[in-house]
Amino acid sequence: MTLTSKTLVEIQNMAFSRGERVIYEDVSLSIPQGKVTAIMGPSGIGKTTLLKLIGGQLTPDSGTVLFDGIDVHKCGRSELFALRKRMSMLFQSGALFTDMNVFDNVAFALREHSGLPEEIIRKIVLMKLEAVGLRGAAQLMPTELSGGMQRRAALARAIALEPEMILYDEPFAGQDPISMGVLVKLIRELSDALNLTSVVVSHDVAEVLGIADYVYVLADKRIIAHGTPEELRLAANPQLKQFIGGEPDGPVPFHYPAQDYKKELLSELD
Amino acid sequence: MSLIDAVARLGRSAIDLVVGLGKAGLMLWGAIAHRPRLRKGTPLLIKQLYVIGVQSMVIIIVSGLFIGMVLALQGYNILVGFGTEESLGPMVALSLLRELGPVVTALLFAGRAGSALTAELGLMKSTEQLSSLEMMAIDPLRQIVAPRFWAGVISLPLLALMFTAVGIYGGHLVGVEWKGIDSGSFWSILQASVEWRQDIVNCMIKSLLFAIVVTWIALYRGYHVTPNPEGISRATTQTVVQSSLAVLALDFLLTAMMFGQ
């Protein structure tokens with residue numbers, strides 16, 4: 001990460017819990033503008049929650065989330081909506097509107113917010129669909145698309161309003177190698193061509209290390225490591241090594257906590 | 001279980017009830033308390049009127065016909081014993097206008113449209129469509145909930161009128177065409193005994209209130225669903241059970257107020 005790049009999102013000492021369960025204790029991170037920042041961590045660690053906190057859909061218990069210097073959680077509703085027009089989110093399920101075809105899905109936000117005439121909207125939509133390779137699928141319904149195509153259509157919708165930042169929620173989960181390759185290429189190209197700030201939340205180590213400029217690793221309710229992909233590959237932290245190497249046993253144990261094995265086997269039924 | 005546990009459970013469910021009512025109130029307030037957007041809102045409303053209203057017409061009309069026919073047949077058998085079968089017209093019409101029209105329509109509506117609304121919203125929530133609207137800076141309450149609410153409120157009273165009209169026609173079929181009551185006296189006694197204010201306006205008031213309750217419960221259950229398949233199926237069941245019970249209880253209250261004296 002170059003020091004000259006401006007920080008777009010700054011999270012400071014954020015804590016968040018759902019009911020009794022603590023998700024984050026003290027998380028601070030900064031997301032530089034125009035770069036691909038990845039947030040990795042095991043399943044169930046609350047990575048999607050982090051994106052929702054950045055997008056203002058959830059409110060932290062303490063700490064702040066600044067987007068371009070503005071505290072996301074101190075905004076009124078209209079200010080928050082103004083901020084959200086500058087960011088976009090690619091949901092894990094794609095979240096395409098099931099009652100509209102692909103074209104209308106991509107055109108939806110433009111029709112709502114841009115005030116452009118339909119003729120120009122049509123051109124913009126076709127350009128966005130061309131960028132993800134789905135111009136030919138414009139008239140199909142979301143249910144007629146494969147999982148990978150749905151995610152690409154959702155990506156076209158996410159870039160329709162030309163946001164400054166895209167939040168990717170597990171973009172590679174459940175994709176076959178070809179769609180995975182397509183998505184990796186698209187995320188990298190969009191980021192470079194449009195100078196987009198990308199935040200990729202994922203646990204697909206190889207893909208993420210391949211495209212990210214900077215990586216944060218979440219575990220145990222906090223950030224356990226951060227750095228460029230090269231730095232992380234060389235890191236000595238055993239927990240990090242286990243995660244990146246995909247080793248079945250280590251600091252994160254293979255066995256769910258249980259009483260002594262031998263004792264349980266030899267014990268009698270009550 | 002100790003007594004204190006029972007009291008604690010009672011208290012918890014009371015708190016849950018109040019919290020639920022508050023959430024439902026906030027949802028409805030957020031959906032309808034704003035300036036109407038004619039240009040964007042009208043197409044959304046028309047689409048929902050079609051889905052919620054027009055697509056419920058078949059079940060409403062067929063049920064209305066059969067209920068009117070059954071009512072006339074049973075009524076005829078009793079009335080003929082007293083030689084008053086000429087009063088079949090008002091008997092059918094008043095039963096339908098005052099009670100069966102609004103109530104049965106609301107119950108059928110809860111089963112047909114209410115459960116569909118809950119399932120649709122639940123699916124939208126679990127596939128993150130509602131979240132994605134929010135992230136697009138579009139309020140899902142205004143975009144999704146409001147048109148469905150208004151469509152329900154407009155559709156149900158109209159459906160209740162249709163149900164009643166078809167029911168009276170069913171009564172005519174059985175009474176006049178089959179059992180041979182004089183058509184002139186069927187219609188003239190019916191006309192003389194149905195009052196505009198007492199019967200027809202009250203029918204509309206009832207079904208309007210039922211419409212608000214049923215649609216509100218259906219939307220609330222869908223909007224606050226636990227976003228997984230099990231949650232959706234539970235929410236759909238809850239919609240039908242709760243809105244049916246609410247309709248029946250509310251009907252007693254309204255009937256007591258309208259016809260109690």
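View 1. Let's begin with Trp187(B), which is partly exposed at 37% relative accessible area (buried means under 20%, exposed over 50% and partly exposed in between, with a 1.4 Å probe and protein chains only). Phe186(B), at 0%, is buried. This is a predicted model, in which local features need pLDDT of at least 70, side-chain atom pairs count only at pLDDT 80 or more, and totals for chains, interfaces and linings use all residues. Residues are numbered from 1 along each chain as its sequence is written, chains are lettered from A and ligands numbered from 1 in the order in which they are written, and side-chain values use heavy atoms, leaving out hydrogens and water.

View 2. Phe149(B) is buried at 4% relative accessibility, while Trp150(B) is partly exposed at 39%.

**View 3. Arg157(A) over the face of Phe97(A).** Here the distance to the ring centre is 4.6 Å (a charge sits over a ring if NZ of Lys or CZ of Arg is within 6 Å of the ring centre and within 35 degrees of the ring normal).

**View 4. Lys179(B) over the face of Trp178(B).** Look for Lys179(B) at 4.4 Å from the ring centre.
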